[in-house]
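Please go through the sequence and the model below before reading on.

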Amino acid sequence: MRMAAALFAVALAATACGGEGAQEATATRTVDFWYYQPTPDQAVKVKQLAKDFESANPGIKIKLTEIPKDDYNTKLATALNGSGAPDAGYLDQPQMARFAGGGQLAEVPAGTIEEADYYPGALGTNKVAGKLMGIPLQQTTVVLFYNKKYIQTPPTTWAELIAASEKVHREHPNVAGVSLPKGDGFGAWIFPAFVASAGGTMVDEAAKKITFNGPQGQEALGLWRTLLTSSPRKITNTDQAFQKGLAAMTFSGPWDVLGIREQFPQLKFGVSLLPKKLEEASTIGGDNGVVFSKADNPDAAWKWLKFLSSAEHNAQYADITGNFPVNKKAAATSALAGDPDMKIVIQQLESARPRPALTEWIKVNDDVLAKAIEEGVDGDTSPAEALNAAATRATKVLGWS
């Protein structure tokens, strides 16, 4: 008993000598991380990933908070403006400027990541006014789909795309060359890819000037208008025209690879990079990881986001959630890299471009560009007239006039 008492006393003394430093060393920091509600199977795998992180980072606990995707932005805004704000979470890239402008995001501390490790487009979706406000986690992009019955060699240039479309429709009048984007939010999201391919840009943020109505933008919209001649809407307005074999080509994302395989197994299709004018380009969408300005444990939160986007774990995380990794080294190890169609999507991510990081860009996309596409492709207005009118409206929406 004497020996036991002595050892207990030594232990107490040692603890006392450790003082506040020892208490801090053993304190546990909890990172409340909000993300979209996964499937039950995905949830189990994400929890295991969090446990792996906790094992590698003693003293940090990850609290995974699952939010239905449709409710996410509303719940997040409510939490950030009240109590119960998370430390970190997802943020859809169009929301980056809005939340950063409201002072609700923390800037990524210098040295947290190596920017060169990520696809430039994916990283660019995190930059607001030149500042890195988040870390890309998982993204997707758009490629060319083609029906192998009509297209044996996919076009690689705009000239080849036009020629292929005209050839298909000439030889098969009931088949459209391309199921073209329409004047809606999706079409407006894809349009910048074609502007970039022609060497153009959408805006000049420094000069607060709209640039999508320049010669390159007019070429891009002019391409779609030209394609419309061999791609009549009376054919492509049929629901899922490409999937039903009524259009030889279309522009879409990897979600349709899986959808076609499951629902239209008879369709023999291929995937290739978007045809280019001057340079390869596509659009990009997906989720970034951000740390909120009210975070209780920002340092621990950045460690968690760095872990999810690292070369060692980004492919694992993207595979769990069914998306594409954004870390270039991780992409090569993704399960999707073994699928020939998905491999093309990964390749297209290399040239994908971010949309302008402006608070009101969604309104420009959905209300202004969509209308310009409708007028300049399907209407009686020339691409130049439609885009010039859109530039005037966009200038007002952005408050640049």
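**Salt bridges, cores and a pocket**

Asp-367 counts as partly exposed, with a relative accessibility of 43%; here buried means under 20% relative accessible area, exposed over 50%, and partly exposed in between, computed with a 1.4 Å probe on protein chains only. The model is predicted, so local features need pLDDT of at least 70 and side-chain atom pairs count only at pLDDT 80 or more, while totals for chains, interfaces and linings use all residues. Residues are numbered from 1 along each chain as its sequence is written, and side-chain values use heavy atoms, with hydrogens and water left out.

Asp-367 pairs with Lys-363 in a salt bridge, at 3.2 Å from N to O. The term stands for a side-chain nitrogen of Lys or Arg within 4 Å of a carboxyl oxygen of Asp or Glu. Side chains of opposite charge can pair when their charged atoms come close. Lys-363 and Asp-367 are four residues apart in helix H15 (residues 361-378), so about one helical turn separates them. Lys-363 is partly exposed too, at 41% relative accessibility. Helices (H or I, at least four residues) and strands (E, at least two) are DSSP runs numbered from the N terminus.

A further pair sits in helix H6 (residues 158-171), where Lys-167 and Glu-171 are four residues apart, about one turn of the helix. Their salt bridge has its closest N and O atoms 3.1 Å apart. Lys-167 is partly exposed at 43%, and Glu-171 is partly exposed at 47%.

How far apart are the closest N and O atoms of Lys-61 and Glu-54? They lie 3.7 Å apart, in another salt bridge. Lys-61 is partly exposed at 42% relative accessibility, whereas Glu-54 is buried at 17%. In total the structure holds 10 salt bridges, and a network of them links Arg-261, Asp-339 and Asp-341.

Next come the nonpolar parts. In soluble globular proteins, nonpolar side chains tend to be buried together. A nonpolar core is a set of buried Ala, Val, Leu, Ile, Met, Phe, Trp, Tyr and Cys residues joined through side-chain atoms within 4.5 Å. The largest one has 71 residues, of which Phe-33, Leu-105 and Trp-304 touch the most other members. Helix H11 (residues 298-308) supplies the largest share of this core, seven residues. A second, separate core of 48 residues includes Ile-190, Val-195, Phe-212 and Leu-398.

Helix H10 (254-263) has Pro-254, Val-257, Gly-259 and Ile-260 buried. Its buried residues pack against E6, strand E7 (143-147), strand E12 (269-272) and helix H14 (340-349), contact meaning heavy atoms within 4.5 Å.

The largest pocket has a volume of about 680 Å³. On a 1 Å grid over the protein atoms alone, a pocket is an open set of points where a 1.4 Å probe fits, with protein on both sides within 12 Å along at least five of seven lines; lining residues have an atom within 4 Å of a point. Grid points are joined across faces, edges and corners, and the volume is the space filled by probe spheres set on them. The lining comprises 28 residues, with Lys-69, Gln-138, Asp-287, Thr-321 and Asn-323 nearest the centre. Elements giving two or more residues include strand E1 (29-36), strand E6 (135-141) and strand E13 (284-291). H3 gives the most, four residues.
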